[in-house]
Amino acid sequence: MKIGVISLGCAKNLVDTENLLGLLNASGQELTTSYQEAEAIIINTCGFIAPAKEEAINTILEVADYKQANLKKLIVMGCLAQRYKPELEKEMPEVDCFIAIEEYKHLNQILSKALDITIPKTYGKVPRLLSGKPWMAYLRIADGCDNRCAYCAIPLIRGPMRSVAEDALVEEAKRLVASGVKELNLIAQDSSRYGYDWDQKLHLSHLLKRLDALEGVHWIRILYLYPDEIPDDLIATIQASKHILPYFDIPIQHGCDAMLQAMHRRSNQEEIRNRVARIRASFERPILRTTILTGFPGESLEAHEENVSFLDEIGWDHLGVFTYSKEEDTPSYELEDNVREEEKERRKNELLMHQEKIMEMRRKEWVGTKVEVLVEAKDALTKMYIGRCALQAPDGIDGSVRFQSEQDIPMGTFVDVEITKVAGMHLLGHVVGEN
Ligand code: SF4
């Protein structure tokens, strides 16, 4: 059977999709990226917040419509199925099967039955099939979360934190590098807590040292660090490493202590300020990224203004902003959602406007410097090469480096580029050497 897979949501969900692709591939099924060719489509959904749920439902409805005349089967799995399986089964009879995350250990049996095929292999026991650029891979070091941020449904969906054994991760990294991966991006719901579920100690630093020593790895980047879990030894490990980028993705969620407390976050302004200062004192050019949630119940205008001025004070290189949405069964569900939707949007836009100025200033600091760029595409129209430097994670949030070159540069190689200009989120330059 020709099967197409649609992956929605974050990089953590993408790893599940790649595990599914690996399972189907190892079991001899034919995979396709073409709607026209597919006989069955599996949608791996996200169900984290309102816009993600909306996107998932719209995608299911669209494919269900297409299924009527064109598909034999439609399967839905992932976070949305985990959260709302009974309701979805009732509301969407056109979907042949909903599979919750907790059922993945039996995924081969469930899919075999639903698709009327044979899948002899076991989910998670066969190598995953990378779905993106062959030189970049995510390495999921843990799943689930033991934090209980008041607004967040992730612990309900993904369960408690389960760190992947260090040896298994090193083996997976070796396999990825042997297959041509040059950039590893470590992910988890809370990467800085890696290993804490084993013995209440942080093990990220130890894991990083082993990954850094692997032959063939070029860049290692860590995403999703909790502000109070960036100890000095982690900073020292990154400082002493050959391949770990000084890229600190620290979702702080808010810049006002009262709001952080209301959100059940452990950190506060002072701690964040100190950690950022420590990082800045330790690296020549560290990259700092954060995420902010605006419009949480009780967020007064004063709290919002404090949030904005803390954003200005820290001067993050990159920022993502979400507006609060009331999620069933989360601790904040009982609270009155008392910031109007238009006001949430206004606050989000104000934060983003401030960030735009900060970002412009931060980006200008790169002009005149030489950066190492991983080349990923060439624009057919402008003939400019497009790549990313240490400043830019692969999830599309941080922009790119664009440059001209007389030489033909193969995709997936590293070149040195001198930055000459800033164009919005992007850096422009010219190539000065190949690595
Ligand atoms: S750290 Fe907080 S926001 Fe992040 S996944 Fe865990 S509970 Fe959710």
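Trainee: What does M361 count as, buried or exposed?

Mentor: M361 counts as exposed, because there are 11 C-beta neighbours inside 10 Å. Here a residue is buried if 20 or more other C-beta atoms lie within 10 Å of its own, exposed if 12 or fewer, and partly exposed in between, with C-beta atoms placed from the backbone. Keep in mind that this is a predicted model: local features need pLDDT of at least 70, side-chain atom pairs count only at pLDDT 80 or more, and totals for chains, interfaces and linings use all residues. Residue numbers start from 1 along each chain as its sequence is written.

Trainee: Which helix is M361 found in?

Mentor: M361 belongs to helix α13, residues 341–364. Helices (H or I, at least four residues) and strands (E, at least two) are DSSP runs, numbered from the N terminus.

Trainee: And what separates the C-alpha atoms of M361 and V177?

Mentor: Those C-alpha atoms are separated by 36 Å, and M361 and V177 are 184 residues apart along the chain.

Trainee: Let's zoom out. How many helices and strands are there in the protein?

Mentor: The protein has 13 helices and 18 strands. Its radius of gyration is 22 Å, close to the 22 Å that the globule rule gives for 435 residues, so it is as compact as a globular protein of that length. That radius is taken over C-alpha atoms, and the globule rule is 2.2 Å times the number of residues to the power 0.38. The C-alpha trace spans about 60 × 60 × 50 Å along its principal axes.

Trainee: What share of the residues count as buried?

Mentor: Of the 435 residues, 43% count as buried. As for contacts with a separation of 6 or more, residues 24 or more positions apart account for 70% of them. A contact means that the C-beta atoms of two residues, placed from the backbone, lie within 7 Å.

Trainee: New topic, sheets. In what order do β6, β9 and β10 sit in their open sheet?

Mentor: The order is β6-β9-β10, with parallel pairing. At the edges are β6 (136–140) and β10 (219–222), each pairing on one side only. On average, neighbouring strands of this sheet are turned by 20° against each other, direction ignored. For such angles, axes are lines fitted to C-alpha atoms, for helices over the stretch in contact, and angles run from 0 to 180 degrees between N-to-C directions.

Trainee: How many bridges join β6 to β9?

Mentor: Five bridges join β6 to β9, and R140 stands opposite I187 in β9. Strand β9 (residues 183–187) also pairs with β10 in the parallel sense, over four bridges. There, L186 faces I222 in β10, and L184 has I220 as its bridge partner. Two strands pair if DSSP finds at least two bridges between them.

Trainee: Why is β9 largely enclosed by the rest of the structure?

Mentor: Because five of the five residues of β9 are buried. Both faces are covered, with E183, N185 and I187 on one side and L184 and L186 on the other. Helix α6 (residues 166–178) lies across β6 and β9, running at about 170° to β6.

Trainee: Now the ligand. Which residues are around it?

Mentor: C145, N147, C149, C152, I154, P155, Q189 and D190. To count as near, a residue needs its C-beta atom, placed from the backbone, within 6 Å of the molecule or strand. By class, that shell has five nonpolar, two polar and one charged residues. Ala, Val, Leu, Ile, Met, Phe, Trp, Tyr, Cys and Pro count as nonpolar, Asp, Glu, Lys and Arg as charged, and the others, Gly among them, as polar.

Trainee: Last one: where is D398 placed?

Mentor: D398 is in the loop between β15 (385–388) and β16 (401–404). D398 is buried, with 21 other C-beta atoms within 10 Å. Leaving out residues up to four places away in sequence, D398 touches H318, L391, Q392 and A393.

Trainee: In what sense do β14 and β15 pair?

Mentor: β14 and β15 pair in the antiparallel sense, over four bridges, and A377 stands opposite I386 in β15. Their hairpin has six residues between the strands, and K383 takes a positive phi near 65° there. Strand β14 (residues 370–378) is also joined by five bridges to strand β17 (residues 414–423), running antiparallel.
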